[in-house]
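Please read it alongside the model shown here.

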Amino acid sequence: MSTHQRNKKSKTDPNSKNLHPRNLHVQAYDFPSLIKSYPPLAPYVTTNAHNTLSVDFADSLAVKALNTALLKHHYHIANWDIPEGALCPPIPGRADYIHYIAELLGVSEPPTNVKSIKPTINLLDIGIGANGIYSLLACQIYGWQCVGSDINTHSLENVAAIIASNPTLKGDVKLRTQTDKHHIFDGIIQTGEYFDVSVCNPPFHASSDEALKSNQRKISNLSHHSNEQKSTAAKLNFGGLDAELWCKGGERLFLKKLIKESQMFSTQCRWFTSLVSKIDNVKPAKKLITKLGASDIREIEMKQGNKITRILAWTFM
Ligand SMILES: C[S@@+](CC[C@H](N)C(=O)[O-])C[C@H]1O[C@@H](n2cnc3c(N)ncnc32)[C@H](O)[C@@H]1O
């Protein structure tokens, strides 16, 4: 079952039981409430073979509608939308990253009235994507001030549109274009600027072809769907924004660049962090971080059902 798939009301989902304790998605998705918050979700919700409510996770429009509903219902983000083919993030997993970062920074529970506190944390979101997800969640859960960077100006325009239709965001999101795809922090962190933490979900495939094949594998794993449904899903899930999913050298090279450049900005950011999807990339990354003289390295495991991902965090301070 997809990590996104939640059903009955007020029942703990076995897939989400390992989420961070502060994560709102430890409970199963409450579809009736989600539909109330976002009525366009309704046509996508059906009763599945286990007699529980769900959506078809092979249908990217259904998954997008579920995300829009979750963001509206739990995080008060209105009109969240992404262009066709853009990366549609699983909200529980992305929220987990933010909660683990809060813990790393020693931030206690999310404030009950975020508006009443002065934001104290500055977060840099490297590769914010078209979905803006980490910054939007950090803004709405903790009231943090965020700067999001990306090389893709269409993605940044999409995030700008989401921000524009949410004038009451509890934190703040500013957007910056990385004009040189070979750079990460250079050209983004400005002179005299200071961040408490940087977050990143690197493009993980090494080529457009590899990203396409992985997408096709995912689609064919949805074994209960007809070939026609699979081919529609494949087309919808993989579109013009494929550079979100791949870069030359894949996750390993992206991490290498990120780590090397982090040393240049070692006094302007307290914790550098990145998601590492491929376990084989952890060891070389840690070795490089140690070589560059970091004073502390943490490997934070995030579990969701059978799926394990990790955040690598390091500091030079
Ligand atoms: C896997 S996506 C992550 C999107 C979003 N943060 C998420 O977690 O769903 C990676 C993003 O990194 C961006 N990217 C690639 N190279 C970059 C660079 N050198 N600097 C900033 N962003 C970059 C891509 O355009 C893409 O939006």
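1. Does leucine 61 count as buried, partly exposed or exposed, and what is its relative accessibility? Leucine 61 counts as partly exposed because its relative accessibility is 42%; buried means under 20% relative accessible area, exposed over 50%, and partly exposed in between (1.4 Å probe, protein chains only).

2. The model is predicted: local features need pLDDT of at least 70, side-chain atom pairs count only at pLDDT 80 or more, and totals for chains, interfaces and linings use all residues. Residues are numbered from 1 along each chain as its sequence is written, and side-chain values use heavy atoms, with hydrogens and water left out.

3. Leucine 61 lies in helix α2, residues 60–75 (helices are DSSP runs of H or I, at least four residues; strands are runs of E, at least two; both are numbered from the N terminus). Its C-alpha atom is 8.9 Å from that of glutamate 84, 23 residues apart along the chain.

4. In the largest nonpolar core, which has 57 residues, Leu41, Leu66 and Trp144 touch the most other members. A second, separate core has 27 residues, including Leu124, Phe195, Leu292 and Phe316. A nonpolar core is a set of buried Ala, Val, Leu, Ile, Met, Phe, Trp, Tyr and Cys residues joined through side-chain atoms within 4.5 Å.

5. By class, the lining of the second largest pocket has 16 nonpolar, 11 polar and seven charged residues (Ala, Val, Leu, Ile, Met, Phe, Trp, Tyr, Cys and Pro count as nonpolar, Asp, Glu, Lys and Arg as charged, the others, Gly among them, as polar).
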